[in-house]
Amino acid sequence: MKPLLTTLAAATALSMTMVPAAFAQQEHVDACFVYVGPANDGGWSQAHDVARQKVEEHFGDAVSTRFVESIPEASSEGAIERMARSGCDVVFTTSFGFMDPTLAVAERFPDVKFEHATGYKTAPNMSAYNARFHEGRYIQGVIAASVSETGTAGYIASVPIPEVVLGINAFILGAQSVNPDFSLKVVWVNDWHNPGLEADAAKVLLDQGVDILTQHTDSTAPVQEAAARGVKAFGQAFDMIEAGPETQLTAIMDTWDAYYIDRVQTILDGTWEEQNVWLGLEDGILSMAPYTNMPDDVKALAEETEAAIRSGDLVVYEGPITRQDGSVWLEDGQIAEIGELLGLNFYVEGVDDQLPQ
Amino acid sequence: MLESILLTIATAATPLLLAALGELVVERSGVLNLGVEGMMIMGAVGGFAGMILTGNPFIGVLVGVALGVALSLLFGFLVLTLATNQYATGLALTIFGLGLSGLLGESFIGRSSVRMPVLNIPGLSDLPVIGRLLFGQDIIFYLSILIVIGVTWFLFSTRQGLKLRAIGDNPQSAHALGIKVLRYRYLAVMFGGACAGLAGAHLSLVYTPQWTENMTAGRGWIALALVVFASWRPFRVLAGAYFFGAVSIGQLHAQALGLGIPSQLLSALPYLATILVLVIISQNRRLTLINTPASLGKSFVPDR
Amino acid sequence: MRLELIKRGNPSQVLRFLSPLIGLALAILTGAIMFAVLGKNPFQALYVYFVEPLTELWSVHELLIKAAPLILMGAGLSVCYLSNNWNIGAEGQFIMGALAGSIFPVLFTDVQGFFVLPLMLGFAIIGGALWALIPALLKARFNTNEILVSLMLVYVAELILDYLVRGPWRNPQGMNFPESVRFPSFARIPELMPVDGRANWGIVIAILVAIGIWVMLSRTLKGFEIKVLGSSPRAGKFAGFDAKKMVFFAFLLAGGCAGLAGIIEVAGASAQLRPTISPGYGFAAIIVAFLGRLNPLGVIVAGLVLALTYLGGEAAQITLGLSDKVARVFQGALLLYILACDTLIHYRIRFVRTPKAVGSAADA
């Protein structure tokens, strides 16, 4: 490893003689993106790609962007390295599984900046960023409990990771703030994007008596299914109103551009620094699609809830909160630690499912 | 609720049934086409594109079928005319189809569409429990049932069907008897492509009216499995497809009930059940040996 | 007009060498047209696809990393296919091998030392072979179709991996994210030339195994037995060969190879278990086996070629902004052309003028 490091160090030293500081102001930034799925998967990766296009629009000629799509997490290090070597100033790697490969490449390319989404490891030239999607889920829970007649919602979940568990808990907490007896049925499809299976899960949940659907998977199939059965649903990642004009209540939209534009600007300014951030509604990294298809009082309640979260008056994970097994998790007024939330793997009370341990 | 559950199972089973029926005929002629997934995804993108461009879902179905046939002809040219290895060609066809459908479908992503209309059969569709299941469905469902009956009749009650099976068992003898082996096989392969295309169109027009990349999600492989599962008999394909559909819907119900079984175990159930049933079926050696096309997967080049 | 195949007396040795090149040339031509239609300079695109990944040493290392599992599994599968055992579940055997080999760094973290890595390799071979034993046993005992069973077991293996990595095997210090601990250095396959890139001894193992299988196939009685039983089971029976034993032999060998490939991937390039550890190597290896004409030496070349198309696809995206789908269409077309050109080895192609009205479907 040594000779490589010395050559790299020499290269760094050389560039430093030409440019006074390692992270100096730049005229132009080449921003690169690595996606885990197709750039137009209609969900996670597409949200990042839409944000990438907005970065281009925003900066015009000062910024160019490139991306590489459908990179399997299992063999991503080569692709990330190819990006780093091809002259990128910053590489955004947009899937949790890219964390260690990104870190490895970041160590080899100290001049390139790396930004990794939804992980927790950082380095002097590698930041971590994530969005507090559960803030949106809480609002959805509030709406669901207000409009549901059966008092039960169905949750189509992807894979059991802390982020998804956080979302399920936030949803039920929001719902319980309106109706303490509200309950939630969960189906795991063990996939992020599988329209057929998501539709099946939607039908199964509806057959078991839920009258509101929400999803943490990427396709519009559950919204379409809800529309076909005349019940209400929430969109995911995008405004999915087209899939159910009379069905969608609101959607959590991934609006990464707020973050990307910010970060690219710091590179242009020469002020980029390593950070580990978990941003929320107030930061614009996620936003809510218009509140539709609900009575005005519910809409008002939803807007109120959103405003309270934005202002910090309402914290989703603030006690009293009881675990699913009935034990106390957070005392009245106690706020969960970020570290605990990031690794959360238990349900709160009211979820009609058991989490694999 | 029961009616609704049965409908859900029928929807899940129909694309599997269609693709498997097509492959059954192909395999009965002695050709193994592992490219079902590729043809199916082309059918899905074709169906959706046709619907969006013309606004008519029926034209969509035709376009989907046409693209399925087109891909099957490419396969046919390679394995029949050029006698390439069927296993490798089928796999390459799947890679090609998945890529090409992604390329063709790029502009259709995110477009919303009209679901295929339901054709109620007057009087019958109001029957309790089975009414909507059997008589209140879309045209592709009815077609899938008709094709089961049609394929059974063709294979076991017509001269052409007999010839096709003879070709599958021993193309050399069939050729010696003056049967045009390659012509039969071409037609069989095209039928397989049409069925896979129809199955794909069902996915993008009925099952989930949308187009997204890789939306077949491995159903082509399940269809291949069902053919063997059914020991090359059409009505057993019907049973197998609905059995598979029932198990995969059933595991979701078990999850929604919150029984606390690891979801991965439940997700594996359809595959484990398939293996189990297969073992039970194949224990009956006579039955499987009679039905397995003896020349399956082997190239045939007529000597002239 | 109609196209007819005339069998050659002997397979053409010249074409055996030339046919893949003709296939490649046709694919390049098609690719050039496709790139031009998409508004890219075809020459530049082809350069990026086929040459650029080979111009830098580190990238050649990446090529070797991708080629190693393809070669290992392709060589093992060749024995299966030569003996008429249709194992298409190498992907599942790859996963189970990786899981079995990972027991040491994941569960028995106290076991440390130089002997751990050989143990991991051994366990991986056994794990992959045991997973392959299921279809073999069912085929030999119950006459159950092995294509289906081996394929179904891929899905099952994927779900087992998923369950373990998200549940009992996840890294206790990993914030409950779905991944195992990172393997310590004694549990890693050493890198070949760390100065230049990441390639590890896996590629050497893969090539040695492929050569070993080649020797077995071409120089030993066992190889003869495999080929006889594959091409004519009846003749094999008369020769006193046991077809059932061959089922076990072929599946265990291929499963062992796939298991070994699995641990090489996990203890090599990725250094930990994740919910998905293979980008479809097990299925790509089937193509590799056939591109290499079921000859382990050919498989080595085919594995390198297929690995190059993956890297070329990445490079084309990064350098030219060509979408991943273009790369996959190109990859599919390349495979189809090469397969088509293989026909030339065994057959001459003749165009026959057909009388009117008798035009057959074979024109299509």
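Tutor: Start with A:Cys88: its relative accessibility is 4%, so this residue counts as buried (buried means under 20% relative accessible area, exposed over 50%, partly exposed in between, with a 1.4 Å probe and protein chains only). The model is predicted: local features need pLDDT of at least 70, side-chain atom pairs count only at pLDDT 80 or more, and totals for chains, interfaces and linings use all residues. Side-chain values use heavy atoms, with hydrogens and water left out, residues are numbered from 1 along each chain as its sequence is written, and chains are lettered from A and ligands numbered from 1 in the order in which they are written.

The partner of A:Cys88 is A:Cys32, at an S to S distance of 2.0 Å. That makes a disulfide (a pair of cysteine sulfur atoms within 2.5 Å). The angle about the S-S bond is -90°, and the link is left-handed. A:Cys32 sits in strand 1 (residues 29-34) of chain A, while A:Cys88 sits in the loop between helix 3 (77-85) and strand 3 (90-93), so the bond ties together parts 56 residues apart in sequence. Helices (H or I, at least four residues) and strands (E, at least two) are DSSP runs, numbered from the N terminus. A:Cys32 is buried too, at 0% relative accessibility.

Over all chains, the structure holds 1 disulfide. Now chain C. The closest cysteine sulfur to that of C:Cys80 belongs to C:Cys257, 9.2 Å away, which is too far for a bond. C:Cys80 is buried, with a relative accessible area of 0%. C:Cys341 is buried as well, at 6%.
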